[in-house]
Amino acid sequence: MNTESTLNRHWKIILGAIVVSGIAGGALYYLSKPSPAKVETPKPKKKNKKKKSDASKSKDLGEQQPIESNKDVKVLAQEAKAAGNKLYAAKKFNEAIEQYTKAIALHTDAVFYCNRAASYSNIQEYQLAINDCNEAIKLDKAYIKAFHRRALAFEKLGNLKDALNDYTVVCVLESFQNQNSMAAPDRLLKVISTQRTEEIMKSKVTTMPSQTFISAYMDSFRATPSDAQIVLDLESETESDLLLKKTFTAYTKREWQTSFDLVNLAIKEDKFSDKLIKAKAYNYRATLHFLMGLVNEAVEDLEKSLELDPKNVNSIIKRATLYMERGEVEKTIQQFEKAESVTKEHPDLFYHRGQVRFLTGDFEGAVQDYSNSLKYEKENESSVYVHIQMGVAKYKLGDLVGSDAKFKEAKKLFPKSAEVWNYHGEILMDKQNFADAEKSFLKAIEMDPKSPLPYINMAILLLQWKNDGDGSEAQCKKAIEVDPLCDIAYTQLAQLLCHQNKMDEALRVYNDAIKIARTEAEVMNIISCQEAAAAQAHVMKNFPEAMAKLRQ
């Protein structure tokens with residue numbers, strides 16, 4: 001699991017790293033976002049710190065400014081500041097303010113303003129604190145304490161975006177080396193993202209997602225006979241049965257929205273010939289609800305389906321995938337155990353449990369489950385995704401020979417599958433075998449020019465291999481062209497634009513991604529990325545000196 005902060009991850013993108021689509025294979029439908037590539041970002045060089053004077057060490061709430069000239073006035077100012085510091089330490093904040101005001105009247109100094117700002121904050125005069133921090137920053141644009149105190153004041157007043165901007169400046173000035181400082185913007189990102197997500201979800205229209213996502217999920221269930229075939233072979237002519245037949249006819253044509261409208265009608269009429277057929281209707285509607293991001297509705301439909309047919313392994317497995325979608329791993333495992341108590345020879349059971357093990361880092365367990373999935377599948381049930389995932393899992397385990405052999409086998413078994421070439425290309429790219437990775441992605445594009453994934457991978461490859469930003473951007477836009485509902489394509493393009501410092505365009509692309517995101521969790525994740533990018537754009541525009549220091 002990636003625990004890196006959102007803010008730090010986005011700064012890595014700007015400084016030279018780029019997030020990639022990830023070696024996920026058939027796990028695509030479990031993942032809302034790509035996994036990060038391990039691309040090294042140059043660390044900022046450490047500069048020798050200047051030693052503070054003894055007076056600074058003992059008396060200053062902030063950093064001591066050098067005394068230049070007119071020493072008598074400045075000495076008086078320093079004495080007033082020292083008196084203010086003592087009063088501040090004694091929590092006599094109003095009296096401290098008087099002394100800092102006296103110091104400011106004698107001599108303009110960033111520290112005096114910043115110390116008075118701290119006093120104002122302690123008596124809840126947050127706007128006055130902000131005003132003083134503004135003055136301190138005018139005098140010293142690298143004054144970390146002034147930015148931090150202003151951020152705290154902004155946050156107290158509820159100006160969360162302004163606070164986020166200032167916390168981000170602090171992180172940049174500290175070269176992202178202070179974990180305590182980085183916790184504040186991440187905390188605010190969660191608050192801002194939650195607020196925006198709640199507002200967006202009130203009016204968000206649910207639609208069918210990307211064809212790539214739908215196909216990856218639907219094709220992951222292959223046990224025969226399928227529900228679709230069972231229904232299509234029905235001789236019954238009840239009203240709901242006929243509607244369900246039409247539902248699965250649309251399903252076989254991949255007319256997803258039509259099939260959704262028809263299954264809703266079938267359930268509404270509620271005139272099924274058999275409770276097991278009715279259970280299949282709820283199962284299918286649950287599947288479509290899940291694809292549309294309506295996870296709670298999908299769970300409700302599966303509950304009804306399992307009430308009618310409690311030993312339906314397909315329904316139990318799908319309920320497990322829904323729990324995984326919600327991050328409820330323990331419940332997911334319990335569902336797989338329940339499915340296994342019904343049958344120990346179901347290929348879909350082992351494949352989907354292997355997916356969960358893969359995503360939780362148990363690659364050995366995943367390989368074992370994929371092996372069992374292949375063991376129990378019938379001749380006409382073979383799935384390319386099982387072979388792909390096994391090849392990827394072996395690679396994750398360091399079994400490079402076994403991984404290459406599995407992909408070689410998959411190419412022979414599935415000569416028309418673009419997915420094999422695409423995911424093998426990801427592994428080759430991860431091994432920095434860029435020339436062969438390019439050949440693999442181009443082969444995938446040739447075989448399936450309407451799949452967005454190889455274009456996205458080509459974009460990553462061009463940037464990592466040739467530092468070709470324009471070519472990379474073109475590939476991302478091609479991915480969006482062939483599949484306008486592929487959220488991964490939008491987020492990848494936005495990250496690429498951040499990498500190229502095209503922040504305004506990146507923010508617009510994030511808006512496009514938000515519109516097509518499936519679930520509330522996905523919307524929140526994209527908004528978090530967008531808000532982090534906006535804060536970074538603020539720093540780049542208003543504090544170029546800090547950026548220059550960070551890039552050293």
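What you see is a predicted model, in which local features need pLDDT of at least 70 and side-chain atom pairs count only at pLDDT 80 or more, while totals for chains, interfaces and linings use all residues. Residues are numbered from 1 along each chain as its sequence is written, and side-chain values use heavy atoms, with hydrogens and water left out.

Let's start with the overall picture. The chain has 29 helices and 0 strands; helices (H or I, at least four residues) and strands (E, at least two) are DSSP runs, numbered from the N terminus. Of the 552 residues, 54% are buried, where buried means under 20% relative accessible area, exposed over 50%, and partly exposed in between (1.4 Å probe, protein chains only). Contact means heavy atoms within 4.5 Å. Among contacts between residues at least 6 apart in sequence, 61% join residues at least 24 apart.

Now back to the rings. A pair of aromatic rings is described by the distance of the centres and the angle of the planes. Rings of Phe, Tyr and Trp (its six-membered ring) pair if their centres lie within 6.5 Å; planes under 30 degrees apart count as stacked, over 60 as edge-to-face and the rest as tilted. By this rule there are 13 aromatic pairs. In one of them, Tyr217 and Phe290 are tilted, with 4.7 Å from centre to centre and 45° between the planes. This pair links distant parts of the chain, since Tyr217 belongs to helix 10 (residues 211-218) and Phe290 to helix 14 (residues 275-291), 73 residues apart. Tyr217 counts as buried because its relative accessibility is 1%, and Phe290 is buried too, at 2%.

With 15% relative accessibility, Phe221 is buried. Leaving aside residues up to four places away in sequence, Phe221 touches Asn314, Ile317, Lys318, Asp348 and His352.

Next, meet two helices side by side. Two packed helices are described by the angle between their axes and the distance between the axes. Axes are lines fitted to C-alpha atoms, for helices over the stretch in contact, and angles run from 0 to 180 degrees between N-to-C directions. Helix 27 (residues 503-516) and helix 28 (residues 520-542) pack at about 170°, with axes 10 Å apart. The two are therefore roughly antiparallel; angles under 35 degrees count as roughly parallel, over 145 as roughly antiparallel, 65 to 115 as roughly perpendicular and the rest as oblique. Residues that meet here include Leu507 and Tyr510 in helix 27, and Ile526 and Ala533 in helix 28.

Finally, visit two loops. Lys91, between helix 3 (71-89) and helix 4, has a positive phi near 65° without being a glycine, and Lys91 is exposed at 63% relative accessibility. Asn501, in the loop between helix 26 (487-499) and helix 27, also has a positive phi, about 65°. Asn501 is partly exposed, with a relative accessible area of 37%.
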